[in-house]
Amino acid sequence: MALSSPQAWVQSAISLHIPSLSSSAGSDWGTSLQTDPEIRKLVEEEREGLVFIWVDENSQTPRTSSTPPPATKTSPPPFTLALSKTAPVAITTASEAATYIRVTPLGKPGNGLAGGGVVESLWESIHGVFLNVLVKNPPNAVPTNVQDLVSELDAGLGASLRHQNARGGGMVGSSKDDAASLTHIQCVTDEYMYWCELEVEGGRAEREKSQIVKPGVEGLKGEFEKLSALPLAQVPDDIPSLQDHLEDLARAGNDTYPTPRLMRLVGVIGEGICDGVRKHLGGKITADVKMKEWTHAVKICESWDQVVTAVVVAGVMSGHAFPAPPPVTSNTPIPALKGNQAWKDEKFVKFWVRVVEVHTLLTTHATLTTLCPTESTDALTAFANIDALNCSIFGEKAWKTALQTYTSSTSSLDSTIASTLRNRFAALVSSSVASGSAGVNMGQGLLREFKRYKGVVGRDGVRRGLGKFFIWEDWVAQLAGDANN
């Protein structure tokens, strides 16, 4: 099966959760996907869809259906994956499959549907699949009665899960404040409702905690709602409005506001901020993309990271114990991540890195267009069929492949760019010498030019073509630094 096919993507997505169905395990599941009626319908028809996949306990073969597997009198339903298509399109490539098909595990392997929790399974389907469809479509594209039904189901199931969580039964075998039992908190409103209900229905100690915590969560909810309504350009300056409320929650201490809840709340807000950026930018890279909006996105991520760092510091001083920050590679485009010891939400870090990568790409491409206006015109078509802000494992692969294609298609321009820059740098040196301003002034002038063309100067072909001028970069930077000091 060709790796570019949507069926290959589906098999890879499934095998991440059910390894026995991977091609390396000798499964012929990939072949059967070609003819499976439910999968073909999901992939080929121009409408949203939902398919459930599980392994039959008796035959140990995969089963697909448009409805979840039933429970029996003696056992809960098997571990199940829900594949949902979130747009009414016919999928023809693996890239489109990664963009439009979402894989949601309903439970944990070996524990059946959500550990046997039917309510949580239904909620995950409603919140993770159907609400996603509603959000991605215009209001008039989905019948009003369907919108109302889905919204009521989400609210009712969410309340039920909050009640389970308050009793210490968010998931089978978990306490009410461990990470596994907090997955139903998908927005600040969920957390606010939890504390409102706890204030009414909890015991004396829980009501006292709610009186301490609820005002902070309520204030956070109001600030986040205001933030969500702002234009992208205003968001970086308003993100700090969340900091005071989050620091107040952190200072309440682990006994009053447990660390897993704090981490989950920070993660949910971060996801909300990322979703807002994604909604504004769309994730498509084209020749007419608005560079200013991507610059705003970089500033938004930087601003939120500063808030999270401040909250973690306040939490540590109040007795919270956070896990280590997610690992980052040495070539990360974000210097602030290198050597940073403060905990960060891993999903946010991946999104932040991608935003910076796209911003760097667009900056470099703008320089290429300036230096080689005719030759670089079509280079961005490498990104035509991908969502640049899809940070899943499949989105990461699609992004890297497109980036390699772009780099290869523009590598032939490196010698032309190096020649142009060599001439500019040489002219600057000659002008400085002729005017008698060689030395510090010449160094500062060269440094400005290096910064101006930083995006292309770092390309391997350009660096080799520049020769001695590239070696001068460290020297002129040191020279300019000495002058400033």
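W54 lies in strand β1, which covers residues 49–55; strands here are DSSP runs of E with at least two residues, helices are runs of H or I with at least four, and both are numbered from the N terminus. The structure is a predicted model, in which local features need pLDDT of at least 70 and side-chain atom pairs count only at pLDDT 80 or more, while totals for chains, interfaces and linings use all residues. Residues are numbered from 1 along each chain as its sequence is written, and side-chain values use heavy atoms, with hydrogens and water left out.

With a relative accessibility of 8%, W54 counts as buried, where buried means under 20% relative accessible area, exposed means over 50%, and partly exposed lies in between (1.4 Å probe, protein chains only). Leaving aside residues up to four places away in sequence, W54 touches T61, P62, R63, T64, S65, T67, P69, P78, F79 and T80; a contact is counted when heavy atoms are within 4.5 Å. Between the C-alpha atoms of W54 and P68, which are 14 residues apart along the chain, the separation is 8.9 Å.

Stepping back to the whole chain, the secondary structure of the protein consists of 19 helices and four strands. Of its 485 residues, 45% are buried. The accessible surface is about 24,000 Å², and 54% of this belongs to carbon and sulfur atoms; these areas come from the Shrake-Rupley method with a 1.4 Å probe, and for residues only the protein chains shown count as cover. When contacts between residues at least 6 apart in sequence are considered, 66% of them join residues at least 24 apart.

Helix α7 (residues 188–201) packs against helix α11 (residues 259–281) at an angle of about 145°, and their axes are 9 Å apart. The axes are lines fitted to C-alpha atoms, for helices over the stretch in contact, and the angles run from 0 to 180 degrees between N-to-C directions. On the α7 side the contact involves V188, E191, Y194 and W195, which meet R261, L265, V268 and I269 of α11. Six of the residues in this contact are nonpolar, none is polar and two are charged; in this grouping Ala, Val, Leu, Ile, Met, Phe, Trp, Tyr, Cys and Pro count as nonpolar, Asp, Glu, Lys and Arg as charged, and the others, Gly among them, as polar.

Within α7, E191 is buried, with a relative accessible area of 0%. Beyond residues up to four places away in sequence, E191 touches I185, V217, Y257, R261 and L265. As for its partner helix, α11 has 23 residues and reaches 33 Å from its first C-alpha to its last, close to the 33 Å expected at 1.5 Å a residue; the expected span is 1.5 Å times one less than the number of residues. Just after α11, G282 takes a positive phi of about 85°.

Turning to charged pairs, the whole structure holds 14 salt bridges, each defined as a side-chain nitrogen of Lys or Arg within 4 Å of a carboxyl oxygen of Asp or Glu. In one of them, the side chains of E44 and R40 meet at 3.2 Å, N to O. E44 and R40 are separated by about one helical turn, because they are four residues apart in helix α3 (residues 37–44). Both count as partly exposed, E44 at 40% relative accessibility and R40 at 36%.

Another salt bridge joins K226 and E223 (3.5 Å, N to O). These two are three residues apart in helix α8 (residues 204–228), so about one helical turn separates them. K226 is exposed, with a relative accessible area of 51%.

In helix α13 (residues 346–371), E357 and R354 are likewise three residues apart, about one helical turn, and form a salt bridge whose closest N and O atoms are 3.6 Å apart. R354 is buried at 0% relative accessibility, whereas E357 is partly exposed at 25%. Finally, R354 and E357 belong to a network of salt bridges that also links E396 and K400.
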